[in-house]
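Let us walk through a protein model together. Keep the sequence and the 3D view side by side as you read.

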Amino acid sequence: LTVGQTLKFAIGCKTPNIRVDNESRKTYIENMMNLYEILFGLKHVEKTIVGNDFVRGISGGERKRVSIAEAMVSEGSVYCFDNATRGLDASTALEFTQTLRTFTNVTKATSVVTIYQASERIYELFDYVTILYLGRQVYFGPIHKAVMYFEKMGFIKESRQTSCEFLTSVTDPLARKSKPGLENLPSSADEFESYWKNSPEHALLQQEI
């Protein structure tokens with residue numbers, strides 16, 4: 001299918017029975033398709049086939065944007081993207097995340113995203129970050145406070161480390177570094193979780209919820 005056909009099918013599956021100004025079904029689908037193509041920068045490839053690993057079509061970044069558009073057509077309130085930037089180069093991964101950020105802002109939806117090896121620019125596009133250690137939540141809060149939380153705990157962020165690298169390293173006994181002279185720092189997943197649940201940051205989170 002072409003990009004236009006793909007979006008038309010997705011929108012057609014979610015076209016409401018009652019439309020504003022008694023707009024025809026065909027007109028509604030066309031208008032919505034134009035909206036999504038403009039929003040996701042896909043207008044210029046509307047008549048190009050999407051393609052796959054064997055059939056040449058649009059670029060990898062454009063294919064990702066088509067996938068997001070297909071998902072967004074459902075008008076959900078929460079979207080989950082698992083390792084969505086896998087196989088993309090750094091600039092395309094950033095472009096994908098920027099598109100996701102824009103749509104999240106426009107629709108007031110919530111996007112939950114896991115990203116492997118996120119750059120600092122990608123990290124800064126998010127509002128909140130959660131850190132998991134062997135399935136235990138050891139932090140959840142604003143992105144600009146996450147590094148500070150673990151540094152206050154006693155861990156060292158190297159000068160060349162990105163925020164994501166540092167936050168990932170604290171859950172790795174071989175990668176994390178603590179300040180000299182500090183003992184009894186959390187080391188296991190259970191200890192990190194216990195520290196988090198007893199922290200003022202966790203208490204504030206509970207209050208906000």
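The radius of gyration is taken here over C-alpha atoms, and the rule for a globule is 2.2 Å times the number of residues to the power 0.38. For a compact globule of 209 residues, that radius would be near 17 Å. The protein chain has 21 Å. Its C-alpha trace spans about 70 × 40 × 25 Å along the principal axes.

A word on the ground rules. This is a predicted model, where local features need pLDDT of at least 70 and side-chain atom pairs count only at pLDDT 80 or more, while totals for chains, interfaces and linings use all residues. Residues are numbered from 1 along each chain as its sequence is written, and side-chain values use heavy atoms, with hydrogens and water left out.

Now trace the chain. Helices (H or I, at least four residues) and strands (E, at least two) are DSSP runs, numbered from the N terminus. The protein chain has nine helices and four strands. In sequence order they give the pattern α-α-α-β-α-β-α-β-β-α-α-α-α.

Next, look at inside and outside. A residue is buried when its relative accessible area is under 20%, exposed when over 50%, and partly exposed in between (1.4 Å probe, protein chains only). Buried residues make up 39% of the 209 residues. Accessible areas come from the Shrake-Rupley method with a 1.4 Å probe, and for residues only the protein chains shown count as cover. The accessible surface of the protein chain is about 13,000 Å². Carbon and sulfur atoms own 53% of that surface.

Contacts tell you how the chain folds back. A contact means heavy atoms within 4.5 Å. Take the contacts with a separation of 6 or more: 53% of them join residues 24 or more positions apart.

Start at helix α1. Which residues of α1 are buried? They are Val3, Gly4, Thr6, Leu7, Ala10, Ile11 and Gly12. An α-helix has 3.6 residues a turn, so residues three or four places apart point the same way. The cover over the buried residues of α1 includes α2 and α3 (60-72).

Stay with α3 for a moment. Glu62 is found in this helix. Glu62 is buried, at 13% relative accessible area. Setting aside residues up to four places away in sequence, Glu62 touches Leu42, His44 and Val45. Val138 is another matter: Glu62 and Val138 are 76 residues apart in sequence, and their C-alpha atoms are 35 Å apart in space.

Compare that with Ala146, found in helix α6 (residues 143-153). Is Ala146 buried or exposed? At 0% relative accessibility, Ala146 counts as buried. Leaving out neighbours within four places in sequence, Ala146 is in contact with Tyr123, Val129, Tyr139 and Leu167. Thr162 lies 16 residues from Ala146 along the chain, and their C-alpha atoms are separated by 12 Å.

Turn to the charges. Lys and Arg count as positive, Asp and Glu as negative, and His and the chain ends are not counted. Each charge is placed at NZ of Lys, CZ of Arg, CG of Asp or CD of Glu. The protein chain has 24 positive and 25 negative charges, and their mean positions are 4 Å apart.

Some charges pair up. A salt bridge is a side-chain nitrogen of Lys or Arg within 4 Å of a carboxyl oxygen of Asp or Glu. The structure holds ten salt bridges. Lys43 takes part in one with Glu37, at 3.2 Å between the closest N and O atoms. Lys43 also forms one with Glu46, at 3.1 Å. Lys43 is partly exposed, at 38%. Glu37 is buried at 0%, and Glu46 is buried at 17%.

Another salt bridge joins Arg101 and Asp127, 3.1 Å from N to O. Arg101 lies in helix α4 (residues 90-107) and Asp127 in the loop between α5 (120-123) and β3 (128-133), so the pair ties together parts 26 residues apart in sequence. Asp127 is partly exposed, with 45% relative accessible area. Elsewhere, Arg136, Asp190, Glu193 and Lys197 are linked in a network of salt bridges.

Finish in the loops. Asn22 sits between α1 (3-13) and α2 (25-39). Asn22 is not a glycine, yet its phi is positive, about 50 degrees. Asn22 is exposed, at 76%. Gln117 is in the loop between β2 (110-114) and α5. Phi of Gln117 is also positive, near 55 degrees. Gln117 is exposed, with a relative accessible area of 68%.
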